[in-house]
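Open the model in your viewer and keep the selection tool at hand. We will go stop by stop.

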Amino acid sequence: MSSCIKQVLVHLDPTQAARQRLQVALGLAQQQGAHLSALYASMPAFLVAPMQPDGAAAMPMLLKVDQEQRATTHTMFDEVVLGSGVASTWSDIVDISMFRSVVHQALYADLLVLGQSVAGHDLSASVPADFPE
């Protein structure tokens, strides 16, 4: 019998919860014989970091933080998925409007695995509080 779920899309971000979210999505993809698509999407640091009036000087550093977080999450994705036997792809969003991009990618998936931000928790500002809604 063939599964109705062919594509699982998991949202990844720089938070600690991303690994757990990926593991859940990977398990579902394995169970259903589905393809796993990971989509890295987070708010750019320059939009969520408190800025001083002369904040433009901090832009290169904030862009570097974004790049490092993306690379760290991509490495984690590779480590978790490696050897699972599940066909998978990684993509990321470099757009200020992560909502539009995630919704666009969600149109192609049968199942979404999303997380919620936890106020005051590690890097939770990188994902808007109303993101899952």
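Which residues do ring pairs link into a cluster? Select Tyr-40, Phe-77 and Trp-90: ring pairs join them into a cluster. Rings of Phe, Tyr and Trp (its six-membered ring) pair if their centres lie within 6.5 Å.

Before moving on, know what you are looking at. This is a predicted model, where local features need pLDDT of at least 70, side-chain atom pairs count only at pLDDT 80 or more, and totals for chains, interfaces and linings use all residues. Residues are numbered from 1 along each chain as its sequence is written, and side-chain values use heavy atoms, with hydrogens and water left out.

**Stop 1: the whole chain**

Colour by secondary structure. The chain has four helices and four strands. Helices (H or I, at least four residues) and strands (E, at least two) are DSSP runs, numbered from the N terminus. Trace them from the N terminus: β-α-β-α-α-β-α-β. Of the 133 residues, 39% count as buried, meaning under 20% relative accessible area with a 1.4 Å probe, protein chains only.

**Stop 2: the ring pair**

Zoom in on Phe-77 and Trp-90. Their rings sit 5.6 Å apart, centre to centre, with 50° between the planes. That makes the pair tilted; planes under 30 degrees apart count as stacked, over 60 as edge-to-face and the rest as tilted. Phe-77 lies in helix H3 and Trp-90 in strand E3 (residues 88-92), so the pair ties together parts 13 residues apart in sequence. Are Phe-77 and Trp-90 buried or exposed? Both are buried.

**Stop 3: two helices**

Now select H1 (residues 17-32) and H3 (residues 59-81). Their axes come within 10 Å and cross at roughly 35°. Axes are lines fitted to C-alpha atoms, for helices over the stretch in contact, and angles run from 0 to 180 degrees between N-to-C directions.

Show the side chains where they meet. From H1, pick Ala-18, Arg-19, Leu-22, Gln-23 and Leu-26. From H3, pick Met-76, Phe-77, Glu-79, Val-80 and Val-81.

**Stop 4: Val-80**

Centre the view on Val-80, in helix H3. Val-80 is buried, with a relative accessible area of 15%. Which residues does Val-80 contact, leaving aside neighbours within four places in sequence? They are Arg-19, Leu-22, Gln-23 and Leu-26. Contact means heavy atoms within 4.5 Å. Finally, find the C-alpha atoms of Val-80 and Arg-19. They are separated by 7.9 Å, though the residues are 61 apart along the chain.

Terms used: Buried means under 20% relative accessible area, exposed over 50%, partly exposed in between (1.4 Å probe, protein chains only).
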